[in-house]
Amino acid sequence: MLIKKRELVLYSLIFILIISLSYFAPKILIILATPSVYQPQTFDETYVEVSVFDIGEKVVVRANVSDSDASATPLDTVYMNITDANGNLKVSFDEMVDTGETCGTDCWIYEQNYTLGTGTEAPAGTWTIDVYANDTGGNEDTNSATFTVNVYLAIALSTPLAGGIEFGNLDPNTINSSSLTCQNLGCNISVSSDSNVNVDVVVKVNAPLTRQGGTETIETQYWNSSLTQQPSSPAYQFQTSYDYTHKVGSNLEPGSNVIFNTWVTIPGGQKAGVYNNTIYFCACKTGTSNC
Amino acid sequence: MRKWLILLILLLIIGVKTVSSQKSEVTTPSNATVIAYDITIWINGVETLTFENASQPYNVTVKVFNADTLQPIKNAKVEFNERSGASIFTAPQSSTTSTGRGVVYTDSNGFASLTIIPTGYAAPSDYNLSVVVYNNESGTEMLRKYMNLANTGAVEASFPISVPNRVEVANTLTRVLSVWSYSNEWVSNNEGRRYSVNVSNSGILEVESDYLNVSLPVTFEVYAYKEGAQEGVKVFLEEKNGNLIFVAPQSGAISYGIGNATTDSSGWANFTIIPTGYGASDYNVTLTIYDQNGNYLNETWFAVDTSTLTDYFSTGETIKNQVDVANTLTKVLTVWSYANQWLGYE
């Protein structure tokens, strides 16, 4: 029983030691004899350490570099490469600057920053930072880290479309009457060139066309879209949830646009009045269904 | 503890930010204004859809208006239809529907008036009256209502009537009697002409003759084919501004006599018509063919000498549905006599 108590105390001490090491280890720098690059860190422009960035944001990269033999073969240069989520080299051997701050004996903090672009210049996903250091003796070391660029996407409606779709005055028994607004390429949905992913655009209505001041509805509202020309005939009936089977646009690149139109059929005997509803367009990253 | 709480909040913020940038949603309203028509009909000044007696001329006024705003609708096309009435042009007969039709257009205040004489004397069971309103620009049917004839018996004139276009209606009745007397002799002798009509579903239309004589009965023997007999092909024969009792051609109103037949399982449709356009103006007779789905196939017009009634002579060609046609002519004469009496009562 006594032995067990001793073992218990021993295990507890070992456990506490492990926990303590796990906390303090990153802060303990073991100075090596040759240039040694420690894992780079990323900060926002206020020097808060972060690893996720939005388009257009400044990425501050810092790396601790040590050289225990600095008096004989001092550090020569510290470089940085940044590779985007698509594997394209965005920064090539950009020299990092000694901040003048130290990270221990013979250890210095180097820094460089990179401002993310927008659109295809800053594709969403995981980016890689590679930091290289060499000394005057020809010794070198490298280390790398990653950061994430958030998905950014946006769509906009053409001015006529944003102003509302008008069908005008229609008679009962009118079959597939095209909207007045969307004739002659009037209705476009454009993908912002700032978007950094290709997008799918889907559509829905909040409800069928419903008579103002009443409950009568018109269910027979249809839409169609085209990348190249004015849609000439209705293809799909509006639904009240986003239709991922029939998309307004698929895999649309940033800066592209899609042409939209809508039609309505007025059944015979439809009660007179003004009918309205709201059409929703939603863009999400191609292949997802986040709307 | 506080450190973990701050971390948790930061993670939540990052999480929300990440999700919110995964989609972009925009909206726009869509609006459609439905114009529905409504009508009010006055018969002899009383708002009603019911005619009292067969053979009596009635002053009919219709107002067409927007059912939502109640604003009058001008230039609306209004059809008054009488099915299986007493019509010389197309007697109700086997497999053939007979329709008399009067068409008027509303004025700037949404009104139109005309004289209507229901001819449903001793009418068959499928007799009915209807009014149909169209948007004249789009051709869309906007409204259809059925009207009624309370008494299918005829009532002698007992009070003076005031009807629109009285002189024109009376003149038409005079010509009706002339046409009747000539055509009745043809029908009584069960003779006339037979025209064969061949029609293919691809629209080829061959008619034996393109000439018709006023008061001379013609039996059209229509055969529809396309790789064999075609059932369900629709044959539509229309006489415009003939001498029709139901709606006589009159100022502001166009008159139509219409026969509508459908080919049977052997591809045939046989029916007899009698052109009535004696003394008529803006008169024509057209034959139009539609396929089983109602799609237009072809049409042809017939030349008719409207200045001459055709005396009976033996053609050696019997007419089909002679009994139906003869019975209708008998009704026409009865209706005519009562209607003429009412019109003469001033």
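Two strands pair if DSSP finds at least two bridges between them. In this predicted model, strand 12 of chain A and strand 1 of chain B are joined by four bridges and run parallel. Contacts link 45 residues of chain A with 26 residues of chain B. Chain A also holds an open sheet of five strands with mixed pairing.

**Pairing between the chains**
- Within strand 1 of chain B, Asn31(B) is the residue opposite Glu166(A).

**The side of chain A that touches chain B**
- At least two residues each come from strand 11 (155-157), helix 2 (159-162), strand 12 (165-170), strand 21 (257-266) and strand 22 (273-285) of chain A.
- Strand 22 of chain A contributes the most to this side, with 13 residues.
- By residue class, this side of chain A consists of 28 nonpolar, 13 polar and four charged residues.

**The open sheet in chain A**
- The order of the five strands in chain A is 3-10-9-5-6.
- Strand 3 (52-53) and strand 6 (89-95) of chain A each have a single partner strand, so they stand at the edges and one side of each is left without a neighbour in the sheet.
- Strand 9 (residues 125-135) and strand 10 (residues 140-149) of chain A form an antiparallel pair over 10 bridges.
- In strand 10 of chain A, Thr148(A) lies opposite Thr126(A).

Terms used. Residues numbered from 1 in each chain as written. Chains lettered and ligands numbered in written order. Predicted model: local features only at pLDDT ≥ 70, side-chain atom pairs only at ≥ 80, totals over all residues. Contact = placed C-beta atoms within 7 Å. Nonpolar A, V, L, I, M, F, W, Y, C, P; charged D, E, K, R; others polar.
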